[in-house]
Amino acid sequence: MNAAPSRLDAVVSRLRRMGRRISPQRLAILRVLVESPLHPTAEAVHRLLLPNHPDMSLATVYKTIAVLKECGEILELQFSGQDNRYDARRPAPHPHCICLACGAIADPPADGLTELTEALARASGYAITSHRLDFYGLCPKCQAGKSEDPA
């Protein structure tokens with residue numbers, strides 16, 4: 001069973017409860033962001049939607065992302081020197097594995113992360129409200145490509 005449609009329905013319902021209009025363009029942007037496991041950039045979302053929505057501007061994508069951020073329905077991943085990436089499938093902070101070769105991002109399971117966060121809060125005295133945990137390396141596809149390269 002694919003959980004993406006129910007996530008999409010939940011986001012749309014929340015936006016409507018907040019008095020936000022759900023235009024066909026906004027719905028298309030939401031669908032891409034909620035269904036994509038790739039953590040796309042705003043530009044990638046725009047490029048993907050242009051064939052079916054040729055009048056959609058990049059500004060519309062950015063405005064929709066801004067609304068989602070305001071509502072807590074998207075996680076923004078900022079990278080120095082690179083475009084921001086977005087995760088609307090899992091908007092709560094969670095770890096990411098990031099490929100240094102191709103830029104792919106994966107959401108690995110992280111059992112014990114809640115306990116670790118609570119332990120860090122106790123040990124530091126901080127009231128932790130958010131976190132970001134990224135691991136860098138080579139994804140399986142890039143490892144396979146590198147191992148096949150004789151050079």
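User: Where do E35 and R31 lie, and how many residues apart are they?

Analyst: E35 and R31 both lie in helix α2, residues 24-35. They are 4 residues apart, about one turn of the helix. Helices are DSSP runs of H or I with at least four residues, numbered from the N terminus. The model is predicted: local features need pLDDT of at least 70, side-chain atom pairs count only at pLDDT 80 or more, and totals for chains, interfaces and linings use all residues. Residues are numbered from 1 along each chain as its sequence is written, and side-chain values use heavy atoms, without hydrogens and water.

User: Why is the contact of E35 and R31 called a salt bridge?

Analyst: A salt bridge needs a side-chain nitrogen of Lys or Arg within 4 Å of a carboxyl oxygen of Asp or Glu. For E35 and R31 the N to O value is 3.8 Å, so the pair counts.

User: What makes E35 partly exposed?

Analyst: Its relative accessibility is 34%. Buried means under 20% relative accessible area, exposed over 50%, partly exposed in between (1.4 Å probe, protein chains only). So E35 is partly exposed. R31, at 36%, is partly exposed too.

User: Which residue forms a salt bridge with R132?

Analyst: D134 does, with the closest N and O atoms 2.6 Å apart.

Methods:
Helix = DSSP H or I, 4+ residues; strand = E, 2+ residues; numbered from the N terminus.
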